[in-house]
Amino acid sequence: MNRLATGDFWADLGTWWGEQGGVILGKAINVIVIVAVALLIRWILHLVIRRVVDNIVNGVKRKQDVTDTQALQASPLAAVRLVQRTRTLGSVLTNVVNVTLFIVVVLMIVGVIDSTILGSFALLSAAIGAGLGFGAQNIVKDALNGLFMVVEDQLGVGDIVDLGPVTGVVEDVRIRVTQVRDVNGTLWFVRNGEILRVGNMSQGWARVIIDITVPYETDVDGVESEILATAVDMAHNSKWRSRILERPEVWGLESIVEGALVIRLVVKVRTSSKDDIARELRMRLKRALDDMGVQVPSLAAVVLTGFDEATRVKGARPPKTKPNSVVPHVTTTKPKRFGKKPPEGS
């Protein structure tokens, strides 16, 4: 006969619950307490991190007398960098807190349920450690590389970076991956351990480089003077002068191609305004050349390759260095002559 129908099952269940109910209830309460304490600690640590980040950011805003972070673009570059780096560190610390608390809570809950499981798990981990070690080293590599990138200020949230496989704006830096949004709106997840180089286009300053092609018979000196005057006029404009860091420079005749000359203009600008300044400057130059009656020739492409420009990263102005003093060499002994003296007239 069915034990459930006879009531033996319920009797056995009641007996078992009487023996084990207190233990199970105690373990359940311990698990609930562990989870609650972990959530409380997580909330407190997140609150502290958020308060510290907000205090630093608000302090920079008050010092620069602005209310919006975007307005810091017209402020000193160090202020913008401090805000970006602080927010990046806050994001990384938040992820570290979440992962650490998760691991600790899981181990404590397993210990509450059955303390022998941890011992068995230790023996099991020792047995399979060699197999997992090869896979785990990638995770450790990602975490360490991401930590060093943030500590060394290689990149930060809001930076425009070139990581090799992707170029875009950094949206988040986590323990294992960095999220980058490209110009098409695609969100890329790049493993920190796979980032071999970081090209940061948001640190310090940027340089707008514009190559203007003119016909071969054009007066180069006149065109260069007009190009420079146009760029300097834009640099003095109230809308652009806070974004242009130095006086524009004409580096001269950059290249000679079939039927055309290439003249290079460079402007040192703030990183956040590079594209806007480049577009505005191209439009002004186009109008200036039209007024001069200079028609830009149609070229398939003008591509400058190699390291020809590597020596000019500091601009067209030569370095101001003093020449080394030359010590005259005085010969004290008569040089030894080898062979016979050639006959006169030979």
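This is a predicted model: local features need pLDDT of at least 70, side-chain atom pairs count only at pLDDT 80 or more; totals for chains, interfaces and linings use all residues.
The second largest pocket is lined by I209, I210, D211, I212, T213, R282, L285, K286, L289 and V296. A pocket here is an open set of points on a 1 Å grid over the protein atoms alone, where a 1.4 Å probe fits, with protein on both sides within 12 Å along at least five of seven lines; lining residues have an atom within 4 Å of a point. Two elements give two or more residues to this lining, β6 (206-215) and α6 (274-292), both being DSSP runs numbered from the N terminus (helices H or I, at least four residues; strands E, at least two). The strand β6 gives the most, with five residues.

Residues are numbered from 1 along each chain as its sequence is written, and side-chain values use heavy atoms, with hydrogens and water left out.

On confidence, the protein chain has a mean pLDDT of 74, and 65% of its residues reach 70 or more; pLDDT is the predictor's confidence in each residue, from 0 to 100.

Leaving aside residues up to four places away in sequence, V31 touches I109 and V112. V31 also lies 8.4 Å from I113, C-alpha to C-alpha, although 82 residues separate them in sequence.

Key
Contact means heavy atoms within 4.5 Å.
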